[in-house]
Amino acid sequence: MSNDISLSKAPAEAAAGEPAGETLLEVSGLTKYFPVMGGFPIKRQVGSVQAVDGIDLAVHAGESFGLVGESGCGKSTTGRLITRLLEPTSGSISYRGQDISHANRKQLAPVRSEIQMIFQDPYSSLNPRQTVGTIIGGPMEINGINPPGGRDKRVRELLETVGLNPEHFNRFPHEFSGGQRQRIGVARALALEPKLIVADEPVSALDVSIQAQVVNLLQKVQRELGIAFLFIAHDLAIVRHFSERVAVMYLGKIVEVGDRDSIYQRPRHPYTHALLSAVPEVELEGEERERERIRLAGDVPSPINPPSGCRFRTRCWKAQDKCAAEEPPLIQLGGSEDGHLTACHFPEEPTIAARGEDIVMDPALAALEDIADRPV
Amino acid sequence: MTTMTKPEEDAVPAAPEAFLSVRDLYVRFSTEDGIVKAVDGLSFDLERGKTLGIVGESGSGKSVTNLTVLGLHNPRTTEVAGEIVLDGQELTGASNRTLERLRGDKMAMIFQDSLTALSPYYTVGRQIAEPYVKHRGVSKREGRARAIEMLEKVGIPQPKLRVDDYPHQFSGGMRQRAMIAMALVCNPDLLIADEPTTALDVTVQAQILDLLKDLQQEFGSAIILITHDLGVVSNVADDLLVMYAGKAVERGSVRELIHEPQHPYTWGLLGSMPRLMSDVTEPLTPIPGAPPSLLSPPPGCAFHPRCGFTDLVGGGRCSAERPVLPDGRGSACHLTDEQKRSVFIETIQPRLG
């Protein structure tokens, strides 16, 4: 497989139609509750999973926006709401000024070709009975697009774009490795020349050495075709590498959003601090530096019954009564850069350097470390 | 209640010879498509109280090696050759009875997926107590007390109540803690952790890794930590072994391996991972191609089809001759030591920035 990717479109031509920075996608107060059914003999709704609970975000044309968080934080649901694979409970999604939050199939059809999705699992997201040519040509067929030179020619071009051999046109997905399948998924997403691609954990199912290939491919596509990306992942380092702006989610809410450097170097929200300090990092020679060490206790609480007020308060070391009573708004704090918003009553210092004392919330860890520290 | 420490071992200084020694291990599976050479001539040593990290991609043979150490492979389809010596006892070809006596007592394992590794039918407490009752011959009541003690050690809140819960009532992180409790219940000398944190969230992963590290200090077990994430092992392990296509390609202490990696595959692994400190304008340097099929691994050095430095060796040596991994620090590569050093410093290191 070659890593040299030739793109069928000149970058200038692709970006020309769009003035830079136009707001492509705007989401406000987006909420999705999934009903929880229970009871016997008649099932009725006994509660709801508050998967996404009132988030606001905006994605500009050509930019790459990262959404990061732990499992169950609602990042994938957000992606599926934006592509309108799910219908929001409330709130609005507008794409280029058009409200699509409750649009029907017919109204969505033109928008759908402009918002495409790349899925996590390259094994289950490709139809095993279709050839690669049919899979990649499918979106064009459905939308009745006949590119000059025919669909087959365009499919071959796309295969070349994503670094696959165009002669593999008639092969089936099972003949490809995981990384190659993900490339097929990328080619399918590119088939309709979308303006926005929602990539939901596009590399987390791949081996480390293959991940980098796919990340580089996505980056090339993003830059050279001027496509905006909503990049959803749990791996903080990959999100940092790929996205210019990053939002951190926790239990259905965005707790912090801002420019890449601002979030990763000068985070304000305690959860962002904890998340960054938990990333296992390889430290190369000359890079050893003291990072802060924060170890939270327990797991993320259930989104069926989220904590009142600030949702992070049950695991936070700074929580006070105010945190339980009042939900912190997502605002610009003094000392943060423009556009760096944080939802916290008691924000942290904007640094990730080591503190005087580690924060260890986990009782077992604290007990063991206490024994180890005790002078013999 | 029993005491947690083993005073007789604390008194004896660590024996200089390896506690676990694997020599020229070959593991082959017969499948319909042919013979899979899952492990192909692997040797390593592990001292008491040390942690060995084994790094490799899927299909590199890292899990199979450790299942073989525990004797958990299917004897009908698996052919094992070589030596596995645990504390002076030969394990290859040992009877099932012998292995049964060792498993859960002297050696234990933590699996990746705690939901499938724990039985849904028994309470967590009963599963933790089982090896203790079996190997120590204590009563069920004592076993239960021990289970509660262990649950408390690994940080399960309200252990007296949670001991009677079933695995599905635990969250992912708590289940992994319960598995650690189960593995440590008999104070094993050898603990094998196969991707213990891969299924967990990053904040929980950090808790579990620190817990393993702290518990190791208390219990003095030797740990083999299997993972695909260099970041995880570099924070936890003392020594590292990098595996590729069933063979060890590089070995050394964590410091040596991260600061002066010698094998092109290790360079590739380091270059493919974005890090929190790396330069975002610099594209990643992936390893081209895909891992080979173990049905017919490439001749010579298994990495040569993906390696960018075969020209430096020249003469087609890479595709003809299999490089040998020296004992101790070293790498299985035909490049000379001088070449390895200069290539790393001149081409690889600047790109990692």
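**View 1. The loop of chain B that holds B:Q158.** In this predicted model, B:Q158 is placed in the loop that runs between α6 (140-153) and α7 (159-162) of chain B. Although B:Q158 is not a glycine, its phi is positive, at about 50 degrees.

View 2. A:L251 is found in the loop between β9 (245-250) and β10 (253-259) of chain A. The phi of A:L251 is near 45 degrees, which is a positive value in a residue other than glycine. Is A:L251 buried or exposed? With 25 other C-beta atoms within 10 Å, A:L251 is buried, since the cut-off for a buried residue is 20 or more.

**View 3. A cis peptide bond in chain A.** The peptide bond that joins A:F40 and A:P41 is cis, with an omega of about 0 degrees. A:P41 itself has its place in the loop between β1 (23-38) and β2 of chain A.

**View 4. The two domains of chain A and the place where they touch.** The domain assignment divides chain A into domain 1 (11-243) and domain 2 (270-280 + 290-373), and the C-alpha centres of these two domains of chain A lie 31 Å apart. Nine residues of domain 1 of chain A are in contact with seven residues of domain 2 of chain A. On the side of domain 1 of chain A that touches domain 2 of chain A, the elements that give two or more residues are β2 (44-60) and α8 (236-242) of chain A, and β2(A) gives the most, with four residues. Sorted by class, this side of domain 1 of chain A has five nonpolar, three polar and one charged residues.

View 5. Seven strands of chain B form an open sheet with mixed pairing, in the order β6-β7-β8-β3-β9-β10-β11. Because β6 (107-110) and β11 (330-331) of chain B stand at the edges with a single partner strand each, one side of each is left without a neighbour in the sheet. The pairing of β6(B) with strand β7 (residues 190-194) of chain B is parallel and extends over four bridges, and B:M107 has B:L190 as its bridge partner in β7(B). Helix α2 (residues 62-70) of chain B lies across β3 (51-55), β6, β7, β8 (222-227) and β9 (239-244) of chain B, and the helix runs at about 145 degrees to β7(B).

**View 6. The side of chain B that touches chain A.** How many residues of chain B are in contact with chain A? There are 50 such residues of chain B, and they are in contact with 47 residues of chain A. At least two residues of this side of chain B come from each of α8 (172-184), α9 (202-219), α10 (230-236), α11 (254-259) and α12 (264-272) of chain B, while α9(B) gives the most, with 12 residues. The residues on the side of chain B that touches chain A divide into 24 nonpolar, 18 polar and eight charged.

Key:
Residues are numbered from 1 along each chain as its sequence is written. Chains are lettered from A and ligands numbered from 1 in the order in which they are written. This is a predicted model: local features need pLDDT of at least 70, side-chain atom pairs count only at pLDDT 80 or more; totals for chains, interfaces and linings use all residues. Ala, Val, Leu, Ile, Met, Phe, Trp, Tyr, Cys and Pro count as nonpolar, Asp, Glu, Lys and Arg as charged, and the others, Gly among them, as polar. Two strands pair if DSSP finds at least two bridges between them. Axes are lines fitted to C-alpha atoms, for helices over the stretch in contact, and angles run from 0 to 180 degrees between N-to-C directions. Domain bounds come from an automatic or database domain assignment. A residue is buried if 20 or more other C-beta atoms lie within 10 Å of its own, exposed if 12 or fewer, and partly exposed in between; C-beta atoms are placed from the backbone.
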